[in-house]
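The sequence and coordinates are shown first.

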Amino acid sequence: MNNQSSHVDVVVVGAGYAGLTAARDLKKAGVSVVVLEADDRVGGRSMPGSIAGYVVDLGGQWVGSNQTHLLNLAKEFGVKMYPQYVGGEHILDVTGREARYKEGEDLPLEPADLAEFNRLVGEIEAVAGKVDVAAPWTVEGADGFDAQTFENWLQNSTTSEPARAVHRLIAQTIFCSQPGQLSPLTAIFYAAADEGIEHMIGTVGGAQETLFVGGAWQMASKMAEELGDAVIVNAPVRSIAQTDGGVTVTSDAGVWTAALAVVATAPPMAGRISYTPPMPPRRDALTQRMPMGSIIKLHVAYQTPFWRDKGLSGAILSDRTVTGMWMDHTIPGVETGGMVGFFAGGHAQAWAERSPEERRARAIEDLVTYLGPEANNPIEYVEQSWLAAPWQRGAYMAIPSPGALTAFGPALREPVGRIHWAGTETADVNVGYIDGAIQSGERVAGEIVKQLKP
Ligand SMILES: Cc1cc2nc3c(=O)[nH]c(=O)nc-3n(C[C@H](O)[C@H](O)[C@H](O)COP(=O)(O)OP(=O)(O)OC[C@H]3O[C@@H](n4cnc5c(N)ncnc54)[C@H](O)[C@@H]3O)c2cc1C
């Protein structure tokens, strides 16, 4: 504890994209801020790593063309981008049938199964089209969609096992959850916020279209640089007390008093802070019912992207293997080949307490299944288990348990006295993405500037 103590207008808790954006906007508006970050680095669920001598993202990495908050920030900081490689054929392996297809083509399912898959996407997107993203619990039929699991909905909506299997993989790789751990209303909410399921799983024209040269973390780091001494790392906030006069925020790095606080962490992490007076029942119940998604991200480097010579794009979606999703992650102009993959949802939950060596062996075995024996000889393997990350405890986002959105949804964003909430889970565009985190930071800064400087 270094026992700093001082007064600012606003204390921001968390130096992820949401907290940094909020602080930056507040500072620009002449509001004094301090950002208290629990970790020893900024960026939160966006984090740099290194493999074979080049920088990769261990957290968020892709950006889609509709994610204008993030794109604008990259432009402002002069960060260059490159397209996701989609040459060659993708592999889809579900219910024991492996097939290949090219970018832009239909999924290679039997026609009847494809029709069922698309019908289910259409059902989700039809409801999503009516959703107010800021209040998805108000859509007609919300109670029914929230009172069941996505798995129950799949079981009751189709008899096509391949269609169900692809939707299960979507639950795992997009929501980092098992289909029994979220409700159809959550899928509808995300589809509404992120331009539909097809967009969320898509590459060209979708959310995995583009990457940042040097990684997606850079813009967070540049915002923190700009904020300078106002960002304090190794400063876990333990408690927030509020009175009619202001807030007192106690962290391991000291105590700050302020007019207002912004908690810019994922809801379950916000629920670990001690509040005086205690949170109202609805807010506390919400944070109890929004567990983090489960994801372990993997990077594997090879001498060359040898799969490209075999006519493969590197994109793999599979329910045969444990690591269910892979993409080519070869950086343009670099000789070495890169693959990025995931233990997602239940697989991440099952493998989180095994050793990195065991996970590496399993990941390589899975890659050999699809890319051939050359995959046995990586030059490096790097992983990040987000379930184990002490101040994030999972990713990509916190997923409401069935019933939580309709019962407690309004508490996501509603300020509690002098405490405001930000974070990608509170966004009303691109919820769950970096773009949503930035939008939430902008929204909260706007709310506060209105309050402090009417
Ligand atoms: C593996 C992975 C892949 C992803 N892929 C993509 C992608 O391709 N594209 C995309 O757009 N998004 C992706 N995401 C999601 C994206 O990274 C997140 O949506 C975004 O970074 C969330 O930002 P945030 O500011 O809302 O929250 P966070 O980044 O979680 O920031 C919250 C901060 O609060 C801190 N904190 C927590 N508790 C306390 C406390 N008590 N006191 C002080 N500080 C505290 C945390 O350490 C953290 O730094 C991915 C995430 C992961 C992990």
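## The loop around Tyr396

Tyr396 is found in the loop between S19 and H15; helices (H or I, at least four residues) and strands (E, at least two) are DSSP runs, numbered from the N terminus. The model is predicted, so that local features need pLDDT of at least 70 and side-chain atom pairs count only at pLDDT 80 or more, while totals for chains, interfaces and linings use all residues. Residues are numbered from 1 along each chain as its sequence is written, and side-chain values use heavy atoms, with hydrogens and water left out.

The peptide bond that leads from Ala395 into Tyr396 is cis, with omega near -5 degrees. At 26% relative accessibility, Tyr396 counts as partly exposed; buried means under 20% relative accessible area, exposed over 50%, and partly exposed in between (1.4 Å probe, protein chains only). Arg393 is also placed in the loop between S19 and H15. Its phi is near 55 degrees, a positive value in a residue other than glycine, and Arg393 is partly exposed at 36% relative accessibility.

Most residues other than glycine have a negative phi, and most peptide bonds are trans. A further cis peptide bond joins Thr276 and Pro277, where omega is about -5 degrees. Pro277 lies in the loop between S14 and helix H11 (281–288). A positive phi is found at Asn430, near 45 degrees. Asn430 belongs to the loop between S20 and H16 and is buried, with a relative accessible area of 3%.

## Aromatic pairs

Rings of Phe, Tyr and Trp (its six-membered ring) pair if their centres lie within 6.5 Å; planes under 30 degrees apart count as stacked, over 60 as edge-to-face and the rest as tilted. By this rule the count comes to 9 aromatic pairs. In one of them, the rings of Tyr275 and Trp421 have their centres 6.2 Å apart and their planes at 75 degrees, so this pair is edge-to-face. Tyr275 is in strand S14 (residues 274–276) and Trp421 in strand S20 (residues 419–421), so the pair ties together parts that are 146 residues apart in sequence. Tyr275 is buried, with a relative accessible area of 12%, and Trp421 is buried at 1%.

Phe342 and Tyr396 also form an edge-to-face pair, 6.2 Å centre to centre with 75 degrees between the planes. Phe342 lies in strand S18 (residues 337–344) and Tyr396 in the loop between strand S19 (380–385) and helix H15 (404–408), so the pair ties together parts that are 54 residues apart in sequence. Phe342 counts as buried at 5% relative accessibility, whereas Tyr396 counts as partly exposed. Ring pairs also link Phe175, Phe189 and Tyr190 into a cluster.

## The ligand and its shell

The ligand is surrounded by 36 residues, and the closest are Glu37, Arg45, Trp62, Thr424 and Gly432; a residue is near a molecule if one of its heavy atoms lies within 4 Å of it. The shell divides into 20 nonpolar, 13 polar and 3 charged residues. Here Ala, Val, Leu, Ile, Met, Phe, Trp, Tyr, Cys and Pro count as nonpolar, Asp, Glu, Lys and Arg as charged, and the others, Gly among them, as polar.

| Residue | Protein atom | Ligand atom | Distance |
|---|---|---|---|
| Glu37 | side-chain N or O | oxygen | 2.6 Å |
| Val237 | polar backbone atom | nitrogen | 2.9 Å |
| Gly432 | backbone N or O | oxygen | 2.8 Å |

The protein covers 98% of the 1,000 Å² of accessible area that the ligand has on its own, with areas taken from the Shrake-Rupley method with a 1.4 Å probe. Helix H1 (17–28) and helix H16 (434–452) are the elements that give two or more residues to the shell. The shell draws at least three residues from each of domain 1 (4–45 + 216–290 + 400–452) and domain 2 (48–71 + 79–86 + 208–215 + 292–385); the bounds come from an automatic or database domain assignment.

Leu317 lies in strand S16 (residues 312–318) and is buried, with a relative accessible area of 17%. Its C-alpha atom is separated by 6.3 Å from that of Asp93, 224 residues apart along the chain. Ala135 is placed in the loop between helix H3 (111–128) and helix H4 (142–146) and counts as buried at 14% relative accessibility.

Conventions. Polar contact = N/O pair within 3.5 Å; in protein donor to acceptor, adjacent residues only side chain to side chain.
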